[in-house]
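Here are my notes for you, as numbered points. Keep the structure open while you read and look up each spot as we get to it.

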Amino acid sequence: MYLVTAEQMRWLDGETIQRLGIPAIALMENAGRVIAEEIVALCRRRGEEGGRNAADGEDAGLKDAALAGAAFQVSADHALTLDNAAAERWLILVGKGNNGGDGLAAARYLRETGIAVTLVYAVPPESLSGEAALQRDAAAAMGLPAVVYGRDRLDLAECSGILDALLGTGAAGAPRGAYAELIAAANSSGKVIVSADIPSGLNADTGETHEPCIHASVTVCLAFLKRGLLQYPGSSAAGHVKVRAIGIPTSLAPESGVQVYLLTPEVLHAHLGVDLARRRSPEGHKGTYGHVLLAAGTLRMSGAGLLSARAALRAGCGLVTWALPQKLLPAIIGSAPELMLADVGGNEDGTWHAGSVSELLKLSKERDVLAVGPGLGRFESDTEWLRHLWEGVDCPLVIDADALNILAETDYKDWASRRHPVILTPHPGEMARLAGVTTAEVKRDRIGLAMGYAKDHGITIVLKGAHTVIATPEGQAYVNTTGHPGMGTGGAGDVLTGMISSLLAQGMNETQAAAFGVYLHGLAGERAARQRNNPAAIIAGDIIEAL
Ligand SMILES: NC(=O)C1=CN([C@@H]2O[C@H](COP(=O)(O)OP(=O)(O)OC[C@H]3O[C@@H](n4cnc5c(N)ncnc54)[C@H](O)[C@@H]3O)[C@@H](O)[C@H]2O)[C@@H](O)CC1
Ligand SMILES: Nc1ncnc2c1ncn2[C@@H]1O[C@H](COP(=O)(O)OP(=O)(O)O)[C@@H](O)[C@H]1O
Ligand SMILES: [K+]
């Protein structure tokens, strides 16, 4: 599934209208219809939850058919049929643009189901133009009651639900005037809110929420998923996002320059070529599945290395060698018998020493990937140490944690270019240091920032946190939705580093390993939470055990 910006969406709209010759009003009709269908579905669920007899038109039809044998059957439009329609009263908040036009079309379809609707114009209806004006006139001709905000009396307490069709992808800046007042009133009404396309007040590209911004229960996103719906806080404002087709062909998307994908099993398989079943050759042996070299851990942060190393093994590679300061050895021996340990010297206090670089370079010659960073700490001349690894290690590199902080302090673009890929796995704080911006700026548009940085530096970025973004040097990005807030626990990132390294060692390319690693990490976190009965209870080791 593609994720588009408002500008790309406008291009897709335009092409459909101009090149395919589909009239804009037809797209708006489709939009109105799918929005109405989702509202009907919501009302139906609400009716069922209310304990009412939920036998709807279709079920009744099926029962009748069973009685009548194979007799001729006909049923009403199920998607727009509602038994308890008389109990529903919806307010349709209508803005000036095409988003408002979608709302007006939806209102007509809702009225057809028997739901009482009242149009609430944010601006005088005379100021609508184009297709939205056609919809205004159709609604008026159908006799739909309408009020104008600020001119007529309005009581939100009298409705059973609100359709937010105030602002869509054409919005600019924070909602103003009547729009802002209606949004605030809708939010404080306590009524269920369905948003047309995006919640009004949301930046459709970045996921920033303006003050005020609608807090919807459901967002019926039209044609293509908008980037802002996948980025927090936009994701929270949108509620349950339903993407519905309105007649704009998906096949146009590549031409529009869309490079961002929702990370689904289908995208992993069909677009990235990942074997989701992770089939292994019957003749395979430990040498077949690759060997990870891990440079991690200090005496005080030994757990980080252990978590990464164990996660790498659980993710399926054949062998893991953990290179660590000598002082750690007595503490670690026996804690994970499946691991190979390599003593690379180090300081008396169990920290790393830059002199370890020659041993690491030697070890890396017999390994398939080097992962560096978890629990590494900082040490004298660590920049030169990392530069030697960057320039001298002839296999893919995964860089995490303190190793990212080393990179952030230097202009590594000047370092010799590498034959093999590099994956950086920052959380937002580390990303901020790398990009020289504040954490708030990273969070303002995670997708945009990760994409820009990855392309500019010729590396793969895994920007962690809720809805982790994987950005490639070629300018593509994948947004993950597996996982949950319970994974915000010390060491969860170290587990991810081990997993991505393991997949690289098994022969996946950097995009496959990063994307599949993030996806599996989230799934394992979900499984661990189910086993514990509560997401808050999980610790990083549980994620490994759930792999
Ligand atoms: N062919 C098309 O273009 C289609 C568009 N669709 C709908 O159209 C929407 C985009 O329509 P538009 O481009 O007309 O834009 P919008 O409907 O998002 O609204 C733009 C209008 O709102 C006002 N406005 C903008 N920012 C504001 C702010 N901060 N405060 C107060 N008022 C503000 C301006 O008067 C502007 O004309 C989509 O989100 C979607 O819902 C759908 O109907 C499908 C087809
Ligand atoms: N709300 C969340 N939803 C999904 N995943 C999350 C959430 N919070 C954290 N995670 C995941 O947990 C991991 C935390 O990593 P990180 O911040 O590096 O922790 P640590 O440094 O302690 O290992 C990341 O993979 C991140 O994406
Ligand atoms: K809207």
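This is a predicted model: local features need pLDDT of at least 70, side-chain atom pairs count only at pLDDT 80 or more; totals for chains, interfaces and linings use all residues.

1. Residues are numbered from 1 along each chain as its sequence is written, while chains are lettered from A and ligands numbered from 1 in the order in which they are written.

2. Now the overall picture. Along the principal axes, the C-alpha atoms of the protein fill a box of roughly 85 × 55 × 45 Å. A residue is called buried if 20 or more other C-beta atoms lie within 10 Å of its own, exposed if 12 or fewer, and partly exposed in between, with C-beta atoms placed from the backbone. By that rule, 51% of the 547 residues are buried. Two residues are in contact if their C-beta atoms, placed from the backbone, lie within 7 Å. Take the contacts with a separation of 6 or more: 72% of them join residues 24 or more positions apart.

3. On to ligand 1. A residue is near a molecule if its C-beta atom, placed from the backbone, lies within 6 Å of it. How many residues surround ligand 1? There are 28, and the closest are Gly 97, Asn 98, Asn 99, Gly 168 and Gly 170. Helix H2 (24–49) and helix H4 (98–113) each supply at least two residues of this shell, and H4 gives the most, with five. For classes, Ala, Val, Leu, Ile, Met, Phe, Trp, Tyr, Cys and Pro count as nonpolar, Asp, Glu, Lys and Arg as charged, and the others, Gly among them, as polar. The shell then has 13 nonpolar, ten polar and five charged residues.

4. Ligand 2 has 17 residues around it, and Lys 464, Ala 466, Gly 483, Ala 492 and Gly 493 come nearest. Which helix provides the largest share of this shell? That is H17, with four residues. By class, the shell around ligand 2 divides into five nonpolar, ten polar and two charged residues.

5. H17 also has a helix partner. Helix H17 (residues 492–505) and helix H18 (residues 510–532) pack at an angle of about 135°, with their axes 8 Å apart. The axes here are lines fitted to C-alpha atoms, for helices over the stretch in contact, and angles run from 0 to 180 degrees between N-to-C directions. Angles under 35 degrees count as roughly parallel, over 145 as roughly antiparallel, 65 to 115 as roughly perpendicular and the rest as oblique, so H17 and H18 are oblique to each other. On the H17 side, the contact includes Val 495 and Leu 496, and on the H18 side, Phe 516 and Leu 520 are among the residues. The contact residues divide into eleven nonpolar, two polar and one charged.

6. The peptide bond from Glu 211 to Pro 212 is cis, with omega near -5°, and Pro 212 sits in the loop between strand E6 (193–196) and strand E7 (218–222). Ala 401, in helix H13 (residues 401–408), has a positive phi near 50° without being a glycine. Is Ala 401 buried or exposed? With 24 C-beta neighbours inside 10 Å, Ala 401 counts as buried.
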